[in-house]
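Q: Could you take me through this model? I would like to begin with the backbone.

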Amino acid sequence: MNLRIPGPTPCPEAVLEAMAQPMINHRGPEFKEMSERLTRNTQEVLQTANDVLFFTSSGTGMLEAAVVNTLSPGDQVLVLITGTFGQRFAQIARLYGARVTSLDYPLGHGAEPQSVRDALTKNPEIKAVLVTHNDTSTGITNPLEAIAKVVKQEFGRLLLVDAVSSAGCVPLPVDQWQCDVVATASQKGLMAPPGIGVISISQAAWEAHRTAGMPRLYFDCTQAKRFLELGQTPWTPALSVLFALDTSVQMLLKKGLKETFNHHASLAQITRDGIQDMGLTLFADPRFASDTITAINVPPGVDGSTLVERLRSQYNIIVGGGQESLKNKIFRIGHMGYCFAKDIQQVLDALAEVLPGLGFNPRPNSSRNQ
Ligand SMILES: *Cc1c(COP(=O)(O)O)cnc(C)c1O
């Protein structure tokens with residue numbers, strides 16, 4: 001199977017094998033050793049000296065953790081919405097009592113730093129800015145470095161980042177960009193199965209944490225940090241997934257961060273070129289095109305869900321459809337984590353074969369047919 005949805009992503013064999021290890025005492029020395037190694041290695045992936053905490057959770061839990069650990073009911077926050085995941089971040093903040101202002105960008109576009117500057121100028125009460133680094137729903141990467149400059153250097157506000165589909169795939173130097181909270185999870189760029197959430201917390205975020213009044217128990221970072229110092233987690237963790245993540249993060253670092261980022265940039269380029277050579281068009285504004293996922297417009301006359309279904313039933317290729325308002329309008333090819341050029345080529349070849357039967361004739365292309 002060629003699993004090209006944006007998570008869970010395929011895992012290397014060694015990562016799957018790591019899951020078959022027998023259980024250990026999660027309050028014993030073996031766990032402590034693994035926990036220390038995984039913490040160190042994940043800090044290296046995120047290029048940070050900040051605390052990095054692990055929870056048994058999917059990525060959404062880490063978005064919730066980012067909110068409840070730094071904010072109080074009544075706090076004003078600014079959410080940059082570029083798709084489904086920004087909406088989710090806003091929903092969490094609202095549910096816990098934050099006063100949410102949002103900037104909604106047209107789907108397929110990234111957030112503009114100037115609009116963030118304007119919003120922060122107009123509204124000095126905003127305490128935190130919540131942003132999706134890579135919006136998986138539309139295939140864009142936000143200009144996080146430029147946004148962070150505005151939020152941190154110009155205004156000194158908290159910056160909470162959803163990096164679920166970017167961490168470990170594209171540059172995210174957490175300390176250099178001064179990201180206060182960065183949330184991610186095991187099942188996308190980190191090449192492990194779903195089940196472990198990861199969050200990094202800066203000094204400024206810890207200071208906010210001290211007075212943050214939103215309710216929390218399972219995701220309380222004070223607890224998590226206290227236990228981490230003992231080499232433990234507050235609650236019983238998904239040990240098998242941690243074994244897997246410990247292995248996959250080591251693999252990632254062995255390949256090298258820079259090499260890994262270049263690899264994703266190259267996969268994305270192959271995808272975008274192949275798609276356009278065929279005469280299909282890309283959904284995202286090219287200035288913001290993501291290196292971990294490519295969204296493609298379903299061509300006129302073609303039924304999007306039939307296309308996705310044919311790829312699955314005839315080629316065993318699983319791509320993502322569009323979500324919510326983009327349902328049947330786009331389809332998405334994931335290229336994050338353990339993915340290679342041959343996997344992308346297989347999707348392009350299958351598309352070239354399947355599209356004519358659905359009413360779209362791909363442009364013949366010599367480079368593709370060589
Ligand atoms: C996948 C994803 C999430 C979280 O998804 P979970 O299913 O909860 O792990 C959050 N944000 C982005 C950008 C994602 O791609």
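A: Helices (H or I, at least four residues) and strands (E, at least two) are DSSP runs, numbered from the N terminus. The model is predicted: local features need pLDDT of at least 70 and side-chain atom pairs pLDDT 80 or more, while totals for chains, interfaces and linings use all residues. Residues are numbered from 1 along each chain as its sequence is written, and side-chain values use heavy atoms, without hydrogens and water.

Q: Where is Gln 47, then?
A: Gln 47 sits in the loop between helix H2 (29-45) and strand S2 (51-56). Its phi is near 50°, a positive value in a residue other than glycine.

Q: Is Gln 47 exposed or partly exposed?
A: Gln 47 counts as partly exposed because its relative accessibility is 33%; buried means under 20% relative accessible area, exposed over 50%, and partly exposed in between (1.4 Å probe, protein chains only).

Q: And what is the phi of Met 191?
A: Met 191 also has a positive phi, about 65°, although it is not a glycine. This residue belongs to the loop between strand S9 (181-185) and strand S10 (196-201). With a relative accessible area of 9%, Met 191 is buried.

Q: Which residues does the cis peptide bond join?
A: It joins Gly 7 and Pro 8, with omega about 0°. Pro 8 lies in the loop between strand S1 (2-4) and helix H1 (13-18).

Q: Turning to the ligand, how many residues surround it?
A: The ligand is surrounded by 13 residues, the closest being Ser 58, Thr 60, Thr 136, Asp 162 and Lys 188; a residue is near if one of its heavy atoms lies within 4 Å.

Q: How far is an oxygen atom of the ligand from the side chain of Thr 136?
A: The distance to an N or O atom of the Thr 136 side chain is 2.4 Å. For Thr 60, the corresponding value is 2.5 Å, and for Lys 188 it is 2.6 Å.

Q: What share of the ligand's accessible area does the protein cover?
A: The protein covers 87% of the 380 Å² that the ligand has on its own (Shrake-Rupley method, 1.4 Å probe). Helix H3 (59-68) and helix H4 (84-95) are the elements giving two or more residues to the shell.

Q: Lastly, which residues touch the most other members of the largest nonpolar core?
A: Leu 80 and Leu 172 do so, in a core of 52 residues. Such a core is a set of buried Ala, Val, Leu, Ile, Met, Phe, Trp, Tyr and Cys residues joined through side-chain atoms within 4.5 Å. Helix H10 (residues 239-255) supplies the largest share of this core, nine residues.

Note on methods:
Polar contact = N/O pair within 3.5 Å; in protein donor to acceptor, adjacent residues only side chain to side chain.
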